[in-house]
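Hello,

Here is the structure I promised to pass on. Have a look at it first, and then read on for what turned up where the chains meet.

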Amino acid sequence: MHYLGLISLYIAFGSALLAVLAGARAQARTRLSRRANLLSSLAVALSTLVLVFAFLSNDFRLAYVARNSARSLPVLYKISALWAGQSGSLLLWLLVISLFSLAVQRTRRFRDGGFDLRINTVINMVRVLFIILLLFVTSPFELLADPPSNGSGLNPMLQSVGMVVHPPLLFMGFSGFLVPFAIVVSRLWARNSSDSWLQEVRPWALFAWLFLTAGIVSGGQWAYNELGWGGYWAWDPVENASLFPWLTGTALLHTLLLDKGHAGRKWWSYILIALTFALTIFGTFLTRSGVLDSVHAFSGGVLGSIFFVVLAAIVLFSAGLAWRRRSCLAEDPTDQGLSANLLGTAIKAGNVLYLLLFAAVLLGTMFPLLSRNLAGREIVLDETFFNQVTVPIFLVLFFLMGLAPVLAAGEVRRALLPLGLAVLVSLYVLFAVGGGVTASVTFGIAVFGAATHLGALFGLSKRRPKLGSTLVHVGVLLMLVGVTGSSIYTDDVFVTVEPGEEIQFGGYTVGYQRLQTRYGMDRYTVGTTLRLSRSGREVGTLTSEKTFWENRTQPSTQVGVFSTFKEDLYLNLAGWEGQTARLHLQRFALVGWIWFGSWVVYLGAVLALLEHVLGRKLGKQVKAWQ
Amino acid sequence: MNKKVKIVILSLLPVLALGFLAFRAFENSAAYYYTISEAKALEGQEQKLRIKGQLVEDSVDYDSSIPLLEFALTDQDCQIEVVYQGVLPDNFHHADEVIVEGKFNSQGQFMVSKLMLQCPSKYEGEE
């Protein structure tokens, strides 16, 4: 069976190479390129299916299956175990790239011949790279000489819905940014100096951004619910690696909105597209090369070197192409000064801020490496560094974001009322709530942004803003409030409780009854359920458990979370002796706002996509009418 | 003003801002990784250290009722005793290398304020 997987990978390899060559020739062979692309995608899908089947049928002859699965694993996790390790993750990523390549081919523009076939060449070059890695460096179809009767199982930390969705979302986001890159490269390659690609890349970039955002947020949510330290972001190199393309990708989405006539519009877009794509590869390099220490485990070795070479090639290629085709990237002189408005200037200032954030996080992430090579001493920078550098830049960026609706409508005076409101809120937080200057300024900026956006949306400005982008901005502000609240207003306590005891924590009465033990096939679980009440009324329960596994030294802890609009109570069962339990209780304010805000962001991004697609369709119909 | 001068000033501004922010934050958080031997030499001092070492396998002693975690870290040459007041992390026994942040007390024990693990857990990378 595994031969089928390997053979399909070889077929995918051959046809991807064919697609590269067919598209690259001057006399492009349309049908050949398309069919090769289709065949390669189907072969990748088949190969993935073979591996899924191997997981479902407990085929422990495959080393990858034996390492990441076991007979007793629930079906859902048998499927998600596919991306629990390195080679499976690469295979999934390859599959997603293949889906994108098919989606590109399905577009009307492609079928009309409006897209250059070199777009297939670029996408398939990346695909060839991934297939080479899967075939020769880290194969998921490697066989064990002496297959075990049962696999060693999936890490319990990964047995959660968060880890089922997080990697695919992230890979969708990463691969999605390949398409804008392929589009712009094919345009420049063909010496096309029009600016149509700015419109063409936008839906792809938006789509990729939506998934990348969801990938990052779901990762944070998983850490919060699963890892038990009560945080969702730790500036770990692996987390930063996913943040890099997000920062440049967000800058890109805004740059694409610049009107004709803004100086450097094409240059900014090109640089951000190439940088974002390069950073998706850089992220993999960072996580796979072992150049940096991280709490996420890394593997050293040949994979890292390959990614490094590829990364260097992408950077050199992008820079070289831009230089050779610099005339195509220049603005049309007839457009100059057409509509140089304040919004455009703000967007470009925002780009500078996004790049500053990128530079700051990059500096912090790479500092151990830099200091090791320059000073001979490894110096590690912790969260304090990242927070202190990025928070001020983020705050300026959020303030600019709050200005967006008034700048778009050209009514700067409309900012005065929200500004007044923001100052009032800031003063209120500073003197009545507490939390210091940062909290006060942040909440002020959040209120300012919310007021300008909602004001514009409900008709207080001449130009009605787009619903999608407004919702994204409002969602981001909700997340800002959640992040600020949960990092500044926190509380925690370690207590030892006897059965029947009640304690007071954060305005709640917390009642402990007893420990319960459950036995499973390969595990036993000790847990407790606390009763929460407030002013005599029972409001909910908190359950935390520790599971001990037969063939693992490492137990897994389930934390209990009681979530309200105002705060989360977070319980960690730390230990016990007899029926006496040791509890770690934490309280984080406003965490729920982060997750709620993220859904508002997704909704807004989907609406923005619809607006883009429908808007173009409607525009065409109107033109046809006239 | 000359246009070129303007561009230079405009591009220097963010760089300077970043430099200022980074420098200020750097003073607050930069931390070396000391090896066990290096750390041992600094035993008498009231200094916050960050140490990376290998876990001595049979040294782990955990009292869940306090909770108090005691273990030893080594770098082949030297060994130090480490005390951590907190919950035993799930993946502790799986850890290869442990990073601890804290200070030595007068008995020469290293009192940890922050515990970080490097785990070869399977969820990234291959063995």
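In this predicted model, Lys114(B) and Glu383(A) join their side chains in a salt bridge, with 2.9 Å from N to O. The interface of chain B and chain A holds 2 salt bridges by the rule. There are also 3 residue pairs in polar contact across this interface, both partners at pLDDT 80 or more.

Which elements of chain B supply at least two residues each to the side that touches chain A? They are helix H1 (3-29) and the strands S1 (31-32), S2 (49-55), S3 (61-63) and S7 (110-118). H1(B) gives the largest share of that side, with 9 residues.

S1(B) pairs with strand S1 of chain A (residues 379-380), and the pairing is antiparallel, over 2 bridges. Within it, Tyr32(B) of S1(B) has Ile379(A) standing opposite.

Now for the overall extent. The size of an interface is often given as the accessible area lost when the parts come together. For chain B and chain A the buried area is about 4,100 Å², and carbon and sulfur atoms account for 54% of that area. On the residue count, chain A brings 54 residues to the contact and chain B brings 42.

Best wishes

Definitions and conventions:
Residues numbered from 1 in each chain as written. Chains lettered and ligands numbered in written order. Predicted model: local features only at pLDDT ≥ 70, side-chain atom pairs only at ≥ 80, totals over all residues. Heavy atoms only, no water. Contact = heavy atoms within 4.5 Å. Buried area = accessible area lost by both parts, 1.4 Å probe. Salt bridge = Lys/Arg side-chain N within 4 Å of Asp/Glu carboxyl O. Polar contact = N/O pair within 3.5 Å; in protein donor to acceptor, adjacent residues only side chain to side chain. Helix = DSSP H or I, 4+ residues; strand = E, 2+ residues; numbered from the N terminus. Pairing = 2+ DSSP bridges.
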